[in-house]
Amino acid sequence: MKILAIPGKMPITEKWLLKILAATHWSKESIEMHRFAAWDNEQTFSVDKEISYLPSGHFDVVITKSIGSLITLKAQNTISWDRLVLIGVAWSLFSDQERELLPALEDKDLPILIIQEKHDPFGSYAEIAAQVADKHNICCLEVSGDRHQYSDTETIGRLINRWVKETRTVTVS
């Protein structure tokens with residue numbers, strides 16, 4: 001299995017995403033953790049520039065946090081996946097045109113899981129759930145929180161594992 005992990009804008013989210021992955025049943029040897037170029041070069045963070053640094057190709061799973069969700073959605077011409085997990089979609093950072101990308105995921109007819117804090121300041125659960133309501137392949141789950149931190153990594157890992165089991169789409173190791 002090949003997994004691409006795309007963290008959020010801040011370097012600390014790389015370690016956070018590794019904790020999430022550790023709480024899943026996925027093989028840790030198959031994870032490619034993307035590191036943003038802006039982190040290494042102390043550049044201003046640019047979504048479009050970071051897209052150009054993403055690995056290309058097909059992945060069994062792409063898992064993202066925050067701005068990584070936007071980057072993933074905008075990079076669909078260079079990366080593809082069988083399953084997608086979006087955690088903490090930073091909805092307020094999406095342009096009107098970019099906001100069309102989330103509900104359009106229904107057209108891919110692939111299993112997608114969104115985990116969103118109830119009162120995330122970048123986009124509440126209610127806002128995100130409304131965008132994907134009635135999309136048969138998209139599951140949107142609410143977790144408590146209001147700081148865009150998603151600090152209960154064990155619970156998030158359990159939610160992912162349950163979704164995997166329910167969708168029966170991901171082989172666990």
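**Exercise 1. A lysine at the end of a helix**

At 27% relative accessibility, does Lys74 count as buried, partly exposed or exposed?

*Solution.* Begin with the ground rules. This is a predicted model, in which local features need pLDDT of at least 70 and side-chain atom pairs count only at pLDDT 80 or more, while totals for chains, interfaces and linings use all residues. Residues are numbered from 1 along each chain as its sequence is written, and side-chain values use heavy atoms, with hydrogens and water left out.

Step 1: recall the cut-offs. Buried means under 20% relative accessible area, exposed means over 50%, and partly exposed lies in between (1.4 Å probe, protein chains only).

Step 2: apply them. Lys74, with a relative accessibility of 27%, counts as partly exposed.

Step 3: look for a partner. The side chain of Lys74 meets that of Glu98 in a salt bridge, at 3.0 Å from N to O. The term asks for a side-chain nitrogen of Lys or Arg within 4 Å of a carboxyl oxygen of Asp or Glu. Side chains of opposite charge can pair when their charged atoms come close.

Step 4: Glu98 counts as buried, at 15% relative accessibility.

**Exercise 2. The overall plan**

Describe how many helices and strands the chain has, and in what order they come.

*Solution.* Step 1: count the elements. The chain has six helices and six strands. Helices (H or I, at least four residues) and strands (E, at least two) are DSSP runs, numbered from the N terminus.

Step 1: read along the sequence. The pattern is β-α-β-α-α-β-α-β-β-α-β-α.

Step 2: Along the principal axes, the C-alpha atoms fill a box of roughly 40 × 35 × 30 Å.

Step 3: see what is covered. Of the 173 residues, 51% count as buried. Contact means heavy atoms within 4.5 Å; among contacts between residues at least 6 apart in sequence, 68% join residues at least 24 apart.

**Exercise 3. A covered helix**

Work out how many residues of α4 are buried, and what covers them.

*Solution.* Step 1: count. Seven of the eight residues of α4 are buried, and the helix is mostly covered.

Step 1: name them. The buried residues are Ile67, Gly68, Ser69, Leu70, Ile71, Thr72 and Leu73.

Step 2: find the cover. It includes β1 (3-6), α3 (47-53), β3 (57-65) and β4.

Step 3: visit a residue of α3. Tyr53 is in this helix, and at 41% relative accessibility Tyr53 counts as partly exposed. Leaving aside neighbours within four places in sequence, Tyr53 is in contact with His34 and Ala37.

**Exercise 4. Pairing the charges**

Find how many salt bridges there are, and look at some of them.

*Solution.* Step 1: take the total. The count comes to seven salt bridges.

Step 1: look at Arg83 and Asp82. Their side chains meet in a salt bridge at 3.4 Å, N to O. Arg83 counts as buried at 14% relative accessibility, whereas Asp82 is partly exposed at 24%.

Step 2: move to Lys135 and Glu106. The closest N and O atoms of this salt bridge are 3.7 Å apart. The pair links distant parts of the chain: Lys135 is in the loop between α5 and β6, and Glu106 is in the loop between β4 and β5, 29 residues apart.

Step 3: spot a network. Glu14, Arg35 and Asp40 are linked by salt bridges.
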